[in-house]
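Keep the structure open while reading.

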Amino acid sequence: MDETTYDRTRLEQWRDGRASGRGFTRRDLIRLATAIGAGAAIGAGTAGEAARAAAGPIVKPLPPELFTVFGTNAETRWDALRDTGYLVPVDRFFVRNHTSTPIIDPAAYRLRLFGSGLRAPAEFGLDQLRRLPRSTITAAIECAGNGRSFFTTQQGQSVSGTAWRLGAIGVGRWHGVTLGTVLRAAGLRRDAVDVQPQGLDANFVSGGVDLGPVRRPLPIAKALDDVLLAWELNGAPLPPDHGAPLRVVVPSWIGISSIKWVGAIEVSAEPLFSPWNTQFYRLFGDAYPAEGTLIDEQVIKSAFELAWDATLPLAGTTLTGRSWSANGPIRHVDVSTDGGTTWRRARPVGPNVATAWQRWRIDWAPAAPGPYTLVARATDVTGASQPVTVPHNTLGYLFGAQVRHPVTVA
């Protein structure tokens with residue numbers, strides 16, 4: 001086994017809790033506490049140079065016909081996507097903020113790279129980044145808690161966090177430079193194992209504790225694979241709410257990995273810690289070990305392009321929706337109009353991008369007026385399909401079960 005393979009294997013074992021046989025060791029926890037303090041100091045200095053707070057937590061308009069607002073977060077209404085095409089327009093792209101959207105001066109902006117995984121610290125302005133080889137990807141950004149409310153409403157289980165239905169996802173065309181290109185330009189060492197981008201938004205405070213800037217490590221294998229540093233969304237400069245002037249895009253992984261307003265990237269020859277891979281974004285509950293199970297990739301989901309409790313005509317309608325999976329393209333989607341008793345195959349519409357989603361449609365002529373429960377069930381290229389229920393976790397992450405969508409026919 002070569003040195004790089006050994007390091008990656010050791011890191012995977014550590015993350016799974018197998019390296020010590022007990023999960024986190026005392027040394028791990030000491031290192032974590034040190035990392036939290038260091039991260040707070042680094043973030044405060046960088047943010048003060050280039051960022052200022054906006055007037056409110058979200059800058060763009062949030063009309064009720066497009067969004068459901070949860071404080072610093074805004075969920076896209078699925079009925080607002082029915083006639084929008086494959087990409088989600090920026091004006092209805094969901095917003096997930098830990099604090100408030102910062103306004104960052106592009107001229108003053110600098111991306112700093114540092115840490116034991118580099119030969120020396122490096123710094124790039126936007127103009128320097130734009131002179132590097134460019135890349136464009138079509139990819140979904142999806143909050144790990146997308147669908148969280150259904151743990152409670154469908155499975156009767158208590159969870160904490162924003163009560164998203166299924167609108168904490170957006171597919172965009174992102175343009176920028178690959179993270180691998182920037183890491184190599186900065187002088188990446190062969191013994192690097194983790195890469196940790198951190199944002200320029202205000203420090204996040206939880207339970208009265210300042211946890212520093214939002215940040216979460218990526219293994220070097222993922223960082224060098226398909227991760228993008230983007231400055232454009234759908235052919236236009238990134239808006240403030242979506243990470244301007246530069247954000248990370250990590251295809252198929254939970255949204256916290258795609259750090260917005262990225263201002264610094266730590267590259268380390270040792271595993272990195274932050275509250276966003278130890279305290280949050282782990283699965284906790286009866287089905288999981290005491291220290292939780294780390295999550296990275298998303299799961300398979302489907303959504304109808306319909307308002308919740310929509311009223312549909314007795315004369316018939318065409319049901320439309322979208323399905324997606326971190327495993328790759330969708331193979332097929334089945335739809336039930338009787339709560340899952342009988343199923344029919346939906347027709348695919350347009351592209352089926354592995355890192356995004358598949359649109360679909362199916363005609364329906366209801367037999368009689370009254371209440372109905374619609375269900376969509378996607379199957380991806382690996383054969384994975386949406387189950388009826390999923391195991392409970394206390395933070396309500398990765399709800400990938402079939403969602404029961406109520407409508408009334410009149």
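Helices (H or I, at least four residues) and strands (E, at least two) are DSSP runs, numbered from the N terminus. The model is predicted, and local features need pLDDT of at least 70, side-chain atom pairs count only at pLDDT 80 or more, and totals for chains, interfaces and linings use all residues. Residues are numbered from 1 along each chain as its sequence is written, and side-chain values use heavy atoms, with hydrogens and water left out.

**Overall make-up**

The protein chain has 7 helices and 27 strands. Of its 410 residues, 55% count as buried. Buried means under 20% relative accessible area, exposed over 50%, and partly exposed in between (1.4 Å probe, protein chains only). Take contacts (heavy atoms within 4.5 Å) between residues at least 6 apart in sequence: 73% of them join residues at least 24 apart.

**Cores**

A nonpolar core is a set of buried Ala, Val, Leu, Ile, Met, Phe, Trp, Tyr and Cys residues joined through side-chain atoms within 4.5 Å. The largest one holds 50 residues, and Leu111 and Leu229 touch the most other members. Elements that each supply at least two residues include strand 5 (111-114), helix 6 (220-223) and strand 13 (228-233). Helix 5 gives the most, with 4 residues. Leaving aside neighbours within four places in sequence, Leu229 is in contact with residues including Leu111, Val182, Leu246 and Ile265. Another core, of 33 residues, lies apart; Trp174, Ala303, Ala401 and Val403 are among its members.

**Helix 5**

Which residues of helix 5 are buried? They are Leu179, Gly180, Val182, Leu183 and Ala186. These residues cover an arc of only 160° around the axis, which puts them on the same side of helix 5. The arc is that of the directions from the helix axis to the C-beta atoms. Just after helix 5, Gly187 takes a positive phi of about 100°.

**Two open sheets**

Two strands pair if DSSP finds at least two bridges between them. Leu113 stands opposite Ala122 in strand 6.

Another open sheet of 5 strands runs 20-27-26-22-23, also with mixed pairing. Its edge strands are strand 20 (310-312) and strand 23 (344-345). Strand 26 (residues 370-380) has 8 of its 11 residues buried, so it is largely enclosed by the rest of the structure.

| Strands | Sense | Bridges |
|---|---|---|
| Strand 5 and strand 6 | antiparallel | 3 bridges |
| Strand 20 and strand 27 | parallel | 3 bridges |
| Strand 22 and strand 26 | antiparallel | 6 bridges |
| Strand 26 and strand 27 | antiparallel | 6 bridges |

Thr311 has Thr408 in strand 27 as its bridge partner. Gly370 stands opposite Val409 in strand 27.

**A buried threonine**

Thr101 lies in the loop between strand 3 (73-76) and strand 4 (102-104). Is Thr101 buried or exposed? Thr101 is buried, with a relative accessible area of 0%. Its side chain makes a polar contact with the side chain of Asp241 (2.6 Å). A polar contact is a pair of N or O atoms within 3.5 Å; within protein, one must be able to donate a hydrogen and the other to accept it, and residues adjacent in sequence count only if both atoms are side-chain atoms.
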